[in-house]
Amino acid sequence: MDDTAARQMQAFFVLVDAIDRAGSTEPAKIQAALKATDLKPDQLMMGYKGVKFDDKGQNVLASGIIIQLQDGENYFAVWPKASAEKEPMLPYKGW
């Protein structure tokens, strides 16, 4: 699963959680539940610090991870340093 599919699936799970907490399919109740969302890292499939929305609807706990194909077969997290499995190899030679 690439990052796009994983982010879409995570968004779906967040929406399902909000609908469940809203106890309704009424848009205003779902919106209120989404605004109150406060998911922790262990509740997510993505490597985010959690899910919590600001006043503009942005997840302020989202974070990215850069991976790199290093041996022709395996991908390794290389950034941020706190999540890195290996150091990035530079210059990157491509596929």
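**Ground rules**

The structure is a predicted model, in which local features need a pLDDT of at least 70, side-chain atom pairs count only at pLDDT 80 or more, and totals for chains, interfaces and linings use all residues. Residues are numbered from 1 along each chain as its sequence is written, and side-chain values use heavy atoms, with hydrogens and water left out.

**Confidence and build**

The average pLDDT of the chain is 90, and 95% of the residues score at least 70.

Next come the elements, which are DSSP runs numbered from the N terminus: helices (H or I, at least four residues) and strands (E, at least two). The chain holds two helices and two strands. Read from the N terminus, their order is α-α-β-β. The radius of gyration is 17 Å, well over the 12 Å that the globule rule gives for 95 residues, so the chain is more spread out than a compact globule. For this comparison, the radius is taken over C-alpha atoms, and the globule rule is 2.2 Å times the number of residues to the power 0.38. The C-alpha trace spans about 50 × 20 × 20 Å along its principal axes.

Confidence can also be followed element by element. Helix α2 (residues 27-35) has the highest mean pLDDT among the elements, at 97, while strand β1 (residues 66-69) has the lowest, at 88.

**Surface, contacts and charges**

How much of the chain is tucked away? A residue is called buried under 20% relative accessible area, exposed over 50%, and partly exposed in between (1.4 Å probe, protein chains only). Buried residues account for 23% of the 95 residues. The accessible surface is about 7300 Å², and 57% of this surface belongs to carbon and sulfur atoms. These areas come from the Shrake-Rupley method with a 1.4 Å probe; for residues, only the protein chains shown count as cover.

Contacts (heavy atoms within 4.5 Å) tell another part of the story. Of the contacts between residues at least 6 apart in sequence, 14% join residues at least 24 apart.

As for charge, Lys and Arg count as positive and Asp and Glu as negative, with His and the chain ends not counted. Each charge is placed at NZ of Lys, CZ of Arg, CG of Asp or CD of Glu. The chain has 11 positive and 13 negative charges, and their mean positions are 6 Å apart.

**The helical part**

Glutamine 10 sits in helix α1 (residues 3-22). Its relative accessibility is 5%, so glutamine 10 counts as buried. Setting aside residues up to four places away in sequence, glutamine 10 touches Leu44, Met45 and Met46.

Isoleucine 19 also belongs to helix α1. With a relative accessibility of 30%, isoleucine 19 is partly exposed. Beyond four places in sequence, isoleucine 19 touches Ser24 and Ile30.

Glutamine 31 is in helix α2, and at 47% relative accessible area this residue is partly exposed.

Proline 80 lies in the segment after β2 (75-79). A cis peptide bond, with omega about 0°, links tryptophan 79 and proline 80.

Serine 83 is in the segment after β2 and is partly exposed, with 35% relative accessibility. Apart from neighbours within four places in sequence, serine 83 contacts Ile65 and Ala77.

Glutamate 85 is found in the segment after β2 as well. Here the relative accessible area is 56%, so glutamate 85 is exposed.

**Distances across the chain**

| Residue pair | Apart in sequence | C-alpha to C-alpha |
|---|---|---|
| Glutamine 31 and alanine 18 | 13 residues | 8.1 Å |
| Isoleucine 19 and leucine 34 | 15 residues | 8.3 Å |
| Serine 83 and threonine 37 | 46 residues | 25 Å |
| Glutamate 85 and isoleucine 30 | 55 residues | 38 Å |

Conventions: pLDDT is the predictor's confidence in each residue, from 0 to 100.
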